[in-house]
Each structure stands twice: as C-alpha cells, then as structure tokens.
Amino acid sequence: MKRIVLFASGSGSNVENIIHYFQNNANVTVTTVLTNKRDAKVLDRCNRLGISSLCFNRTAFYSTDCILEVLKSLEPDLIVLAGFLWKIPTNLVKNFPNKIINIHPALLPKYGGKGMYGMNVHRAVKESKDQETGITIHYVNENYDEGAIIHQAKTKIEPADSPETIAKKIHELEYKYFPLIIDQLLTDS
Ligand code: GRF
C-alpha cells in the first residue's frame, strides 16, 4: 500500500479532491493531513471524511524534529503540499528527497516566491496582461517554488476574466491534474 501525507493551510478543496480520487484505490491511501492552522477549513473536511489530521505550530515545525519524527512514523511514499503556505525546513527536505511535491497556481518560474500565493498570484497574473496562466506541480526544495518541475497545465485568460474567474479556472486544472500526477508518481516509485 502506497501512503500519501498531505499538508494544507486553508480551505483544503484540493485535499478533499485528492482524498476522493484515491478513496476506492486498494493500492494508495491518504494517511494523514497536517496543518499549521487550527481553524483551517481543511480540518472540517478531514473530520467529515474520517481522515486523521494533526495541527502543529511554528516552534514544532521550525525549532524541533517533531514533524520529522511524525513523518518518519507515517512512512509516506509521497508528501503532498496542497495549499500549504509555510516554507519547508531543511531537515524535512533532506530526509525526504524527491518525495515532497507542491502545487503552485501559476506557470512557474513566473509568479512564484514569497508572498505569491492564492489571490495574490491571480491578481498579479491579471495585471500582467498575460494571455495564459496555469498550474505547476513541482518537487520541493529549500526555496519557495524553485524545485524541479514535474508537470504544468495551461488555461487561456480572456480579457473579461477577473482574478476570481482566473482562480476558478486554476482550481479546475488543479482538480483535474493534481491527483493524476500524484497517482503517476506513486506508480513510478
Ligand atoms: C491552490 O490554488 C493551490 O494551488 C495553492 O493554494 C490553493 C489551495 O486551495 N497552493 P485549496 O485550499 O485546495 O482550496
């Protein structure tokens, strides 16, 4: 059985989508969802779906090996960041080489880096007058949004699109491709 551990900081609609995608798969299981936010909506989703969740604070994450030990005990085949906003510390990156992936709601290397998340990205894309945007699924290293790219998918931006409609198009791409890429990585691992 291949094991996925998810990290999220917010709504968790991608988390829920990934859980649904694998729920009838006999070879893959989502074991646990970890979050840095005790009031994140993703926790409600986990409770509703019967998925284990854990909440940690900044000290546990950055100043101790607590999360490293938790992850080691969970023995994940893949650690998936699905809307997780904190930078991953070096001890985790070093201990799980090529096992941590992230999804970014733009076509990296454009619109990445610190502060570039959620609507900030979609507003920047809208202001840029770019004619397309998309998603990037990539490996995680010590720097925000800089690990090797695994997959990108694009969507057109129409002149009438607002940052909100762009966000909706991006979520549709995420729901379609993120579970597929996770599945593929697990099959190849
Ligand atoms: C997604 O757009 C993802 O690309 C970004 O954060 C957002 C999370 O959305 N990293 P949700 O919490 O899964 O609804």
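These legends describe close-up views of a predicted model. Numbering starts from 1 along each chain as its sequence is written, and side-chain values use heavy atoms, with hydrogens and water left out.

**View 1. The shell around the ligand.**
Ser11, Gly12, Ser13, Asn14, Gly83, Ile103, Pro105, His171 and Glu174 surround the ligand (a residue is near if one of its heavy atoms lies within 4 Å). By class, the shell holds 2 nonpolar, 6 polar and 1 charged residues. Here Ala, Val, Leu, Ile, Met, Phe, Trp, Tyr, Cys and Pro count as nonpolar, Asp, Glu, Lys and Arg as charged, and the others, Gly among them, as polar. The ligand sits in the largest pocket. Helix H1 (13-22) and helix H7 (163-188) are the elements that give two or more residues to this shell. Helices (H or I, at least four residues) and strands (E, at least two) are DSSP runs, numbered from the N terminus. A pocket is found on a 1 Å grid over the protein atoms alone: it is an open set of points where a 1.4 Å probe fits, with protein on both sides within 12 Å along at least five of seven lines. To sit in a pocket, a molecule needs more than half of its atoms within 2 Å of the grid points.

A polar backbone atom of glycine 12 is 2.7 Å from an oxygen atom of the ligand. A backbone N or O atom of asparagine 14 lies 2.8 Å from a ligand oxygen. From histidine 171, a polar side-chain atom lies 3.3 Å from an oxygen atom of the ligand. The protein covers 86% of the 370 Å² of accessible area that the ligand has on its own (Shrake-Rupley method, 1.4 Å probe). A polar contact is a pair of N or O atoms within 3.5 Å; within protein, one must be able to donate a hydrogen and the other to accept it, and residues adjacent in sequence count only if both atoms are side-chain atoms.

Asparagine 36 lies in the loop between strand S2 (28-35) and helix H2 (41-49). Its relative accessible area is 14%, so asparagine 36 is buried (buried is under 20%, exposed over 50%, partly exposed in between; 1.4 Å probe, protein chains only).

**View 2. Strand S5 and the loop to H6.**
Proline 109 is in the loop between strand S5 (100-104) and helix H6 (118-128). A cis peptide bond joins leucine 108 to proline 109, with omega about 15 degrees. Tyrosine 111 is found in the loop between S5 and H6. Its phi is near 60 degrees, a positive value in a residue other than glycine. Tyrosine 111 is buried at 17% relative accessibility. Histidine 104 lies in strand S5 and is buried at 2%. A polar side-chain atom of histidine 104 lies 2.6 Å from the backbone oxygen of tyrosine 111.

**View 3. Asparagine 98.**
Asparagine 98 is in the loop between helix H5 (90-95) and S5. Phi of asparagine 98 is near 60 degrees, a positive value in a residue other than glycine. Asparagine 98 is exposed, with a relative accessible area of 58%.

Definitions and conventions: This is a predicted model: local features need pLDDT of at least 70, side-chain atom pairs count only at pLDDT 80 or more; totals for chains, interfaces and linings use all residues. On a 1 Å grid over the protein atoms alone, a cavity is a set of points where a 1.4 Å probe fits but cannot get out, and a pocket is an open set with protein on both sides within 12 Å along at least five of seven lines; lining residues have an atom within 4 Å of a point.
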